[in-house]
Amino acid sequence: MIKIGIQKMETLVKNTGIQKREIEYSAFYIAGSIDLIEYKKNNHKHLISSNASELYYHISKDQYLLILNYGLMVFAGFSELEIKQYLDKMKSYCSNTTSELLSDELTIILSNDPRQFEMTFDFLTIGRFDLEINKAIMLNLAQSVGLNYYDILSQQILREIKNSTLILGKSGKIKLKHKEALRLSGQSLTAKNGIAENLYILDSPDITWEDEYIDKIHKTLSRHFELRGRYQSIENTFKIIEDNLNLYIAYNHHRESSRLEWIIIILIVIEVLDTLISKLI
């Protein structure tokens, strides 16, 4: 379920005089790609910054929207109804729309005490907030959902290979056809390229380089979402997939080569026989 957007509850913490408010973040993987150029052309209002890979909007005081070209949207401070309206609107700008939305959520508590910085299981409390900090939070949430997508994709490919591997183990025969092995190999390579192009798991994003506080938030959220561990698990899955597919492709290549060799041998024999018969006649 999507949490109900922003809860603008500004409460007084007992005996401290510190005011706090909450912002709910939700990220969704909705498609293989989003046409940012076309979307930007039709939606100029509230746009803060943009480049080839992202559009960043400040809709109202505590409402922000980040759209990433590799199929992700991150909302901050939106109600469930508002999010649904945006997702429906975005469909016309998407390619390879997913049949089932992948999502993740995060609650940020904003405090007017600049010393506040605390990560718990449910939320992150921070004492400083601006557009760059907000963007760093949204990017980390996007990374988490992106990893969910690539994890599911890697498991799907592995399941397709598993049946052929079981047959190989029982009968010693390879049933996976060459074309099918190449198709799965192509899917695996496309996914790995997508991770390399779109996710910054091993390197901090540019936004963290010149601000120690933003870097602290980035590292804290990266640990919270276990980005590195999940990334390594996905990498290991793709390594297993590659090892299996290399075997099948090599075997099918050898079988095809053997078939061509026999065809050549047969043609040579026919040619020799034809020559002998011609001489005898």
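Among the contacts in the protein with a separation of 6 or more, 70% come from residues 24 or more positions apart, where a contact means heavy atoms within 4.5 Å. The structure is a predicted model, in which local features need pLDDT of at least 70 and side-chain atom pairs count only at pLDDT 80 or more, while totals for chains, interfaces and linings use all residues. Residues are numbered from 1 along each chain as its sequence is written, and side-chain values use heavy atoms, with hydrogens and water left out.

The protein has six helices and nine strands; these are DSSP runs numbered from the N terminus, with helices being H or I of at least four residues and strands E of at least two. Of the 281 residues, 41% count as buried, that is, under 20% relative accessible area, with exposed meaning over 50% and partly exposed in between (1.4 Å probe, protein chains only).

Now to the aromatic rings. Ten aromatic pairs turn up in a search of the whole structure; rings of Phe, Tyr and Trp (its six-membered ring) pair if their centres lie within 6.5 Å, and planes under 30 degrees apart count as stacked, over 60 as edge-to-face and the rest as tilted. Tyrosine 29 and tyrosine 149 are stacked, because their ring centres are 4.1 Å apart and their planes are at 15 degrees. Since tyrosine 29 belongs to strand β2 (residues 19–34) and tyrosine 149 to helix α3 (residues 131–171), this pair ties together parts that are 120 residues apart in sequence. Tyrosine 29 is buried at 4% relative accessibility, whereas tyrosine 149 is partly exposed at 24%. An edge-to-face pair is formed by phenylalanine 75 and tyrosine 86, with 5.9 Å centre to centre and 65 degrees between the planes. Here strand β6 (residues 72–76) holds phenylalanine 75 and helix α2 (residues 80–90) holds tyrosine 86, so the pair ties together parts that are eleven residues apart in sequence. Phenylalanine 75 is buried, at a relative accessible area of 1%, and Phe28, Phe75, Phe78 and Tyr86 make up one aromatic cluster.

The strands around β9 (residues 123–126) come next. Strand β7 (residues 94–111) pairs with β9 in the parallel sense over four bridges, given that two strands pair if DSSP finds at least two bridges between them. Threonine 107 stands opposite phenylalanine 123 of β9. Strand β8 (residues 117–119) pairs with β9 in the antiparallel sense over three bridges, and a hairpin of three residues joins β8 to β9. Phenylalanine 117 has isoleucine 126 as its bridge partner in β9. The charged end of lysine 216 sits over the ring of phenylalanine 117, 4.3 Å from its centre (the criterion is NZ of Lys or CZ of Arg within 6 Å of the ring centre and within 35 degrees of the ring normal).

Not counting residues up to four places away in sequence, isoleucine 126 touches residues including Ile108, Phe117, Ile137 and Tyr213.
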